[in-house]
Amino acid sequence: MNLIGHFVDGKRVVGASARRGDVFDPATGRRTGEVELASAADVAAAVEAAERAARSWRDASLAKRTSVLFAFRELVHARRDRLAEVITAEHGKVLADAAGEVQRGLEVIEYACGVPSALRGGFSENVSTEVDSYSIRQPLGVVAVISPFNFPVMVPLWFVPVAVAAGNAVVLKPSEKDPSAALLLAEWFAEAGLPDGVFNVVNGDKEAVDALLDHPAVRAVSFVGSTPIARYVYQRGSMAGKRVQALGGAKNHMVVLPDADLDLAADAAVNAGFGSAGERCMAISALVAVEPVADALVAKIAERMAGLRTGDGRRGCDMGPLVTAAHAERVRSYVEAGVAAGAVPVVDGRDVEPDGDASGFWLGPTLFDRVTPDMSIYTDEIFGPVLSVVRVGSYDEAVDLVNANPYGNGTAIFTNDGGAARRYQHEVEVGMVGVNVPIPVPMAYYSFGGWKSSLFGDLHAHGEDGVRFFTRGKVVTSRWLDPRHGGVNLGFPTQT
């Protein structure tokens with residue numbers, strides 16, 4: 001049985017933790033390994049290693065930091081297929097989707113290679129007589145990243161390369177459900193020349209999370225996960241005096257106006273609703289059809305769903321299993337609740353015949369029509385392949401519905417009316433907006449993050465916000481006296 005440990009101070013550490021958890025292949029239901037669950041003492045050892053490394057890494061030149069990141073980028077790019085295989089083996093998403101995840105992570109590494117330009121300060125000469133003033137940005141020290149199961153590579157790479165480029169040392173706690181990819185990243189960072197202790201990985205559960213949130217040497221915490229846990233991480237971390245960015249859950253709406261290209265909209269709804277088995281915080285889970293297009297749109301979506309192949313992600317299928325048996329059962333219970341509440345199950349994923357082992361964690365793509373805002377399949381973040389169609393009578397009703405939702409992560413509008421699209425992007429209370437783009441995840445040089453209960457904290461992930469999050473500003477005012485100056489003056493200093 002494969003025993004998955006930690007990565008601390010430049011090397012793998014196995015056998016240090018007394019508690020263990022199971023790791024499964026979701027497509028077969030078979031246990032493939034055990035992951036060590038870090039204690040508070042294990043976390044403290046990783047933080048201490050990061051503290052030691054941070055003292056010298058902060059003084060490393062920008063040229064040195066970027067040379068490591070360029071080398072790391074080349075290693076990840078060359079081994080991307082290996083990384084995708086590990087993701088699929090532990091998460092279950094199909095290989096093509098896993099490869100896409102690696103690509104989005106690579107984009108942030110590439111952005112981090114250019115972070116020195118974002119660290120430049122300003123300089124003002126002679127703000128007062130022979131007095132200059134300038135600003136600089138400096139690293140925080142030790143920072144923690146707590147990442148979710150659904151993107152075991154992309155989400156860590158949203159934060160770690162930027163934090164490292166800015167001069168920090170990092171302790172990453174990945175999900176215990178799919179921990180192996182993070183360890184590969186740590187090994188490849190070391191191979192790229194990153195000094196020991198600058199990047200550490202501790203696997204674990206709530207005990208490890210709490211230890212990171214409470215440790216006084218951890219200056220900042222980046223988190224991605226469900227809204228209840230994001231709120232908890234933000235509150236506990238903030239109470240401990242840390243800077244926190246906690247990205248939470250979502251209920252993403254896709255609004256389809258009557259003038260939209262319905263074929264394009266149907267393609268987008270299927271792609272955004274069922275990719276990665278709906279286990280995406282940017283998945284479309286609520287489709288808002290502005291009448292009179294609902295009947296035609298639902299029919300087109302159902303037609304496309306009939307051609308989807310659910311099964312083992314290594315067999316060329318379109319959609320893989322859910323991540324665990326418990327999660328599959330949870331999503332199945334929402335399908336049952338939707339039927340009981342009176343929603344129309346146009347396509348019922350409980351009837352799927354997967355191309356995979358019968359013991360896998362299967363639930364096929366599910367489409368509900370005539371969903372109302374009081375149903376749990378609409379109100380809750382299901383995090384599975386369940387798409388709910390809500391019918392409304394007007395554009396204004398659609399916007400009111402989206403804005404009334406407590407989440408504000410991502411949204412999309414499908415229309416051929418530029419004025420309507422511009423009005424929507426202005427009026428909608430959501431952090432990321434797509435116009436005829438169903439999953440509007442920003443490129444790495446912009447920042448990722450939502451509004452309302454989808455984000456706790458002020459700064460988003462990667463891009464300029466990421467650089468600001470992992471650094472703090474300092475302003476220096478200096479005077480270098482030349483030989484002509486001198487004498488004593490007890491008067492109040494003036495700006496002359």
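**Cavities**

I began with the lining of the largest cavity, which by class has 6 nonpolar, 4 polar and 3 charged residues. For the classes I counted Ala, Val, Leu, Ile, Met, Phe, Trp, Tyr, Cys and Pro as nonpolar, Asp, Glu, Lys and Arg as charged, and the others, Gly among them, as polar. This is a predicted model, where local features need pLDDT of at least 70, side-chain atom pairs count only at pLDDT 80 or more, and totals for chains, interfaces and linings use all residues. Residues are numbered from 1 along each chain as its sequence is written, and side-chain values use heavy atoms, with hydrogens and water left out.

My search of the whole structure gave 4 cavities of 30 Å³ or more. The largest cavity has a volume of about 90 Å³. Of its 13 lining residues, Gly278, Arg280, Ser285, Glu381 and Phe383 are the closest to its centre. On a 1 Å grid over the protein atoms alone, a cavity is a set of points where a 1.4 Å probe fits but cannot get out; a pocket is an open set with protein on both sides within 12 Å along at least five of seven lines; lining residues have an atom within 4 Å of a point. Grid points are joined across faces, edges and corners, and a volume is the space filled by probe spheres set on the points.

Next I looked up the largest pocket, which holds about 750 Å³ of space. Among its 29 lining residues, the closest to the centre are Phe149, Phe223, Gly225, Ser226 and Ile229. Which helix gives the largest share of this lining? I found that α9 does, with 4 residues. At least two residues each come from α8 (206-214), β11 (218-224), α9 (227-239) and α12 (325-341). Helices (H or I, at least four residues) and strands (E, at least two) are DSSP runs, numbered from the N terminus. I sorted the pocket lining into 13 nonpolar, 9 polar and 7 charged residues.

**Backbone**

I noted a cis peptide bond from Glu291 to Pro292, with omega near 20 degrees. Pro292 sits in the loop between β14 (284-290) and α11 (294-305).

Ala277 is not a glycine, yet has a positive phi of about 55 degrees. I placed Ala277 in the loop between α10 (262-274) and β14. Is Ala277 buried or exposed? Ala277 counts as buried because its relative accessibility is 1% (buried is under 20% relative accessible area, exposed over 50%, partly exposed in between, with a 1.4 Å probe and protein chains only).
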